[in-house]
Amino acid sequence: PENPSLNMTQIKVDALITKQFLAADLNEIRQMQEESKRKPPKTEIVWRNVFLFAALHIGALIGLYQLVLQAKWATVGWVFLLHTLGSMGVTGGAHRLWAHRSYKARFPMRVFLMLINSIAFQNDIIEWARDHRCHHKWTDTDADPHSTNRGMFFAHMGWLLVKKHEQLKVQGAKLDLSDLYADRVLMFQRRNYLPLVGIFCFALPTFIPVYFWGESALIAFYTAALFRYTFTLHATWCINSVSHWIGWQPYDHQASSVDNLWTSVAAVGEGGHNYHHTFPQDYRTSEHAEFLNWTRVLIDVGATLGLVYDRKTTAEEVIERQCKKFGCAEERAKMLQKLG
Ligand code: ST9
Ligand code: ZN
Ligand code: ZN
């Protein structure tokens, strides 16, 4: 059998040097962080979003009630499947492939990822990846769209309810996004975004339970569309709040990011956030085992099928050097023993 490591690229230089797209001057970042602490930014609420999210959450609560008490078992499974697929479109697609370029994917795989990404309705992938590159490059400054400097509610979802900071727009404009604009799959998604999310986030999730197992249309809509969409949003947002707050920091004690078991479970493998901020080019985004990283399993299956290649990992010597200099080797060993 073919050696799977053959189409992997091992990164052997220190992470801070190789962060493609992301390399920022550390002193400049410290200065920007201090500045954002000194001058708390003014908050300009976008009421349209406040009302839309409030309505969505009321719908989601009705959906949760129906899911627990009224829905058919097949609908419960359907909700779980849609959350998993939509999340993988975010983690495997928008995040690991497009924002970070941590592996390469052939056309059919990119189309698949773009379609399941549309289930999650989290802005089109180009916009998602632009914000995310800003988050990594200028973490916890005013140029970070969901900076934890502005509190955990802001980092979680508050940032989607207010105008963006001017610094984010100024700094973000300096990013090179040409790789994203050059991908015709992403341009297709951008041009057809509303019909795509209409179909994949709302219409199909409602229609399939009605057509195939006779679920009531209202129950299907509230559970598989509204509740499931809201649940996936919160699982994603937890990476910005909980995963910058409570957990392990074996790789970098200075960062706000942490490795957290629960966010790994809810976000199909994205909870190894201290590792990920330290080695953002690594397609695994953590050192945790497969059961805490289903997105890695998806990418590896893609590689077995010949649809994925050039998966980037980090060499052990680099991880060790990093832990010794900026983190803690004992904490790493203890965490991996506990979480697997
Ligand atoms: C959602 C996204 O929920 C969630 C992302 C989470 C990210 C998580 C990251 C960490 C996790 C990683 C692991 C994944 C885990 C997944 C787990 C799965 C379970 N750079 O935005 P506008 C400029 S979406 C440069 O209108 P406002 C640009 O010129 C939910 N420039 O700003 C832009 O024009 P254009 C559904 C930038 O007016 C112009 O500003 N979606 C940048 O301040 C205007 O942009 C929503 O709810 C930048 N980064 O409004 C929509 N940004 O775009 C919510 C902006 O033409 N959004 N510019 O180039 C909005 O309504 C608005 O964006 C706003 C700000 C009100 C928040
Ligand atoms: Zn982060
Ligand atoms: Zn990332």
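Predicted model: local features only at pLDDT ≥ 70, side-chain atom pairs only at ≥ 80, totals over all residues.
Figure 1. The protein chain carries 36 positive and 31 negative charges, and their mean positions are 4 Å apart. Here Lys and Arg count as positive, Asp and Glu as negative, with His and the chain ends left out; each charge is placed at NZ of Lys, CZ of Arg, CG of Asp or CD of Glu.

**Figure 2. The zinc site.** Five side chains hold the zinc ion (ligand 3) through NE2, namely His95, His100, His132, His136 and His276, at 2.0 to 2.2 Å. Donors are N, O and S atoms within 2.8 Å of the metal (3.2 Å for Na, K and Ca), and with water not among the atoms, sites may look incomplete. Along the chain the donors read H-x4-H-x31-H-x3-H-x139-H. His95 belongs to helix α4 (residues 73-99) and His136 to helix α6 (residues 125-137), so this pair ties together parts 41 residues apart in sequence. Both of these histidines, His95 and His136, are buried (under 20% relative accessible area, 1.4 Å probe, protein chains only).

**Figure 3. The fold around it.** The chain has 17 helices and four strands, taken as DSSP runs (H or I, at least four residues; E, at least two) numbered from the N terminus. Of its 340 residues, 53% count as buried. Contacts (heavy atoms within 4.5 Å) with a separation of 6 or more are 75% between residues 24 or more positions apart.

**Notes.** Residues are numbered from 1 along each chain as written, with chains lettered from A and ligands numbered from 1 in written order. Local features need pLDDT of at least 70 and side-chain atom pairs 80 or more, while totals for chains, interfaces and linings use all residues; side-chain values use heavy atoms, without hydrogens and water.

Definitions and conventions. Buried < 20%, exposed > 50% of the residue type's maximum accessible area, 1.4 Å probe, protein only.
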